[in-house]
Amino acid sequence: MAFRKFLLLISITFFVLTAVAQSDLIPLYNTFNYFIDKNTASKDSVLHTCIKPYLRSDIKNTTLIDSLYKPFPLSNNKFFISPITDVQYGAGTKAQTFVEYTGGLLVTGNFGNKWSVSLTGLAGSLQAVNYLDSSVKHMGVIPEFGYAYKNGKSYSFQNIGGSISYSPNRIFNFQLGKGKHFWGDGYRSLFLSDFSNNYPYARITANVWKIKYVCLFAWQKDVTNPSGLLADAKNKFGTFHLLSWAVTKRININLFESIVWQGADQNRARSFDPNYLNPVIFYRPIEYSLGSSDNALIGGGFKIKICKKQQVYGQVIIDELLLKEVLAQKGWWANKQGVQLGYKFFDLFNIKNLYLQGEFNYVR
């Protein structure tokens, strides 16, 4: 959401959402994530904050969750409907203005404590400042929302998402849906970001002892094609793994890996490769044994609670790394790595809800 954070940005956001069943997902909004992070930042609280969106069952403090949601019940308290409205205005240099209107509905339903469903529909309009307008023109995409439809000086967009979630017990959760995910403790993520449009996915989550493990299978689209038609968008598939370990109540470390491959090349058309359906972490030997040119990424992250209201966190990601070339310091093109380091301070100067976050990201 970095494009919304420029000079003199004034944001008025009203989200009224609901989550009822234990298998419900808490929506991926910075407002909610900040509130949860702040209220679970004490040394006695253990929450794998590097894995978002959260499940309702992840948050042990039910009063905290209830304070976030004000549902409108429909049928016998099994279905709920909530409005989503977002109005943003900003000003840039040379009398540029930024205006965004977003509206929609969220419908959720629950069936006991094991099954839940959700459906989100959004539509809106964006008038962008020059640097963002240039990006939208070039890519044909509005960050977070997807395909951009030109409408005079503005762009209109539509966004549909939803999920089916099943938690058979306290250990496992299974999800099938169209949405997005954010892995990390930062404002940005080097692993998996919510800056994309919604995409079809299947997700398996296991929570055992002090470890939480996620396996995500995704199907994405590249709409930056010469024809400009959605029907000609290229397929891209990926499998993503994240293992989070709460070493202590103050320290968390996590390991990440992913394999991403294109749906077709000059030699053949590919769908989801069954070799990558293996849910066990460390895919690199499988990718290597296939002799493929698929893109493998590995990384690691951490978060340390300095005290109740302060945290440091970071990530390191590696695409290609040849140590000999690194030591030679000749800038070999194939060495591609990234690093993140950040700091959070809640209730700065003892002012309630005054929040400071500083973050450095470098990607080669």
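**Rings, charges and a histidine**

Tutor: Lysine 150 lies over the face of tyrosine 155, 4.5 Å from the ring centre. A charge sits over a ring if NZ of Lys or CZ of Arg is within 6 Å of the ring centre and within 35 degrees of the ring normal. This is a predicted model, in which local features need pLDDT of at least 70 and side-chain atom pairs count only at pLDDT 80 or more, while totals for chains, interfaces and linings use all residues. Residues are numbered from 1 along each chain as its sequence is written, and side-chain values use heavy atoms, with hydrogens and water left out.

Student: Which ring does the charged end of lysine 344 sit over?

Tutor: That charged end sits over the ring of tyrosine 313, at 5.4 Å from its centre.

Student: Now ring pairs. How many aromatic pairs does a search of the whole structure find?

Tutor: The search finds 17. Rings of Phe, Tyr and Trp (its six-membered ring) pair if their centres lie within 6.5 Å; planes under 30 degrees apart count as stacked, over 60 as edge-to-face and the rest as tilted. One of the pairs, phenylalanine 237 with tryptophan 261, is stacked, at 6.1 Å centre to centre and 25° between the planes.

Student: Which parts does that pair tie together?

Tutor: Phenylalanine 237 is in strand E15 (residues 234–246) and tryptophan 261 in strand E16 (residues 251–262), so the pair ties together parts 24 residues apart in sequence. Helices (H or I, at least four residues) and strands (E, at least two) are DSSP runs, numbered from the N terminus.

Student: Is tryptophan 261 buried or exposed?

Tutor: Tryptophan 261 is buried, at 1% relative accessibility. Buried means under 20% relative accessible area, exposed over 50%, and partly exposed in between (1.4 Å probe, protein chains only). The rings of tryptophan 261 and tyrosine 276 have centres 4.8 Å apart and planes at 45°, so that pair is tilted.

Student: And which residues do ring pairs link into a cluster?

Tutor: The cluster links Phe217, Trp219, Phe237, Trp261, Phe272 and Tyr276.

Student: Switching topic: where is histidine 181 found?

Tutor: Histidine 181 is in the loop between strand E11 (172–179) and strand E12 (182–183). Histidine 181 is buried, with a relative accessible area of 0%.
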